[in-house]
Amino acid sequence: MAKSKDARIRVLLECTSCVRDGVNKESTGISRYITEKNRHNTPGRLELRKFCPYCYKHTIHGEIKK
């Protein structure tokens, strides 16, 4: 089957402070969210401010590869 050329694609967002600090310290895991973006309007990587339940605060969540 051919790849879909739809404008909206599903992306994963991962907490940047959990990854940077390392999982072994205070946080017990890595926070991830699933969202959609329009690849024509946002060709670069998406970064959103979301709540991280492991850091107990709002942090920057960046787009990662699937």
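The structure is a predicted model, in which local features need pLDDT of at least 70 and side-chain atom pairs count only at pLDDT 80 or more, while totals for chains, interfaces and linings use all residues. Residues are numbered from 1 along each chain as its sequence is written, and side-chain values use heavy atoms, with hydrogens and water left out.

The chain contains 1 helix and 4 strands. Helices (H or I, at least four residues) and strands (E, at least two) are DSSP runs numbered from the N terminus. Read from the N terminus, the order of the elements is β-α-β-β-β. Of the 66 residues in the chain, 26% are buried. Here buried means under 20% relative accessible area, exposed means over 50%, and partly exposed lies in between (1.4 Å probe, protein chains only). The chain exposes about 5300 Å², and carbon and sulfur atoms supply 50% of that area. Accessible areas come from the Shrake-Rupley method with a 1.4 Å probe, and for residues only the protein chains shown count as cover. Among contacts (heavy atoms within 4.5 Å) between residues at least 6 apart in sequence, 52% join residues at least 24 apart.

Strand E4 (residues 57–64) pairs with strand E1 (residues 8–15) in the antiparallel sense, over 4 bridges. Two strands are taken to pair if DSSP finds at least two bridges between them. In this pairing, Glu 14 stands opposite Gly 62 of E4. Strand E3 (residues 47–52) also runs antiparallel to E4, and 6 bridges join these two strands. Leu 48 stands opposite His 61 in E4. The hairpin of E3 and E4 has 4 residues between the strands, and Tyr 56 in this hairpin takes a positive phi near 60 degrees.

The search of the whole structure gave 3 salt bridges. A salt bridge is defined as a side-chain nitrogen of Lys or Arg within 4 Å of a carboxyl oxygen of Asp or Glu. Side chains of opposite charge can pair when their charged atoms come close.

Another salt bridge is formed by Arg 32 and Glu 14, whose closest N and O atoms are 2.5 Å apart. Arg 32 is in strand E2 and Glu 14 in strand E1, so the pair ties together parts that are 18 residues apart in sequence. Arg 32 is exposed, with a relative accessible area of 52%, whereas Glu 14 is buried, with a value of 12%.

Lys 37 and Glu 63 also form a salt bridge, in which the closest N and O atoms are 3.1 Å apart. Because Lys 37 lies in strand E2 and Glu 63 in strand E4, the pair ties together parts that are 26 residues apart in sequence. Lys 37 is buried, with a relative accessible area of 6%, and Glu 63 is buried at 17%.

Ile 9 is partly exposed, with a relative accessible area of 24%. Leaving aside residues up to four places away in sequence, Ile 9 touches Thr 35, Glu 36, Lys 37 and Arg 39. Ile 9 and Arg 39 are 30 residues apart in sequence, and their C-alpha atoms are 6.8 Å apart in space.

Ser 17 lies in helix H1 (residues 16–21). With 15% relative accessibility, Ser 17 counts as buried. Ser 17 touches Cys 55 and Thr 59, again not counting residues up to four places away in sequence.

The charged end of Lys 50 sits over the ring of Tyr 33, at 4.7 Å from the ring centre. This assignment requires NZ of Lys or CZ of Arg within 6 Å of the ring centre and within 35 degrees of the ring normal.
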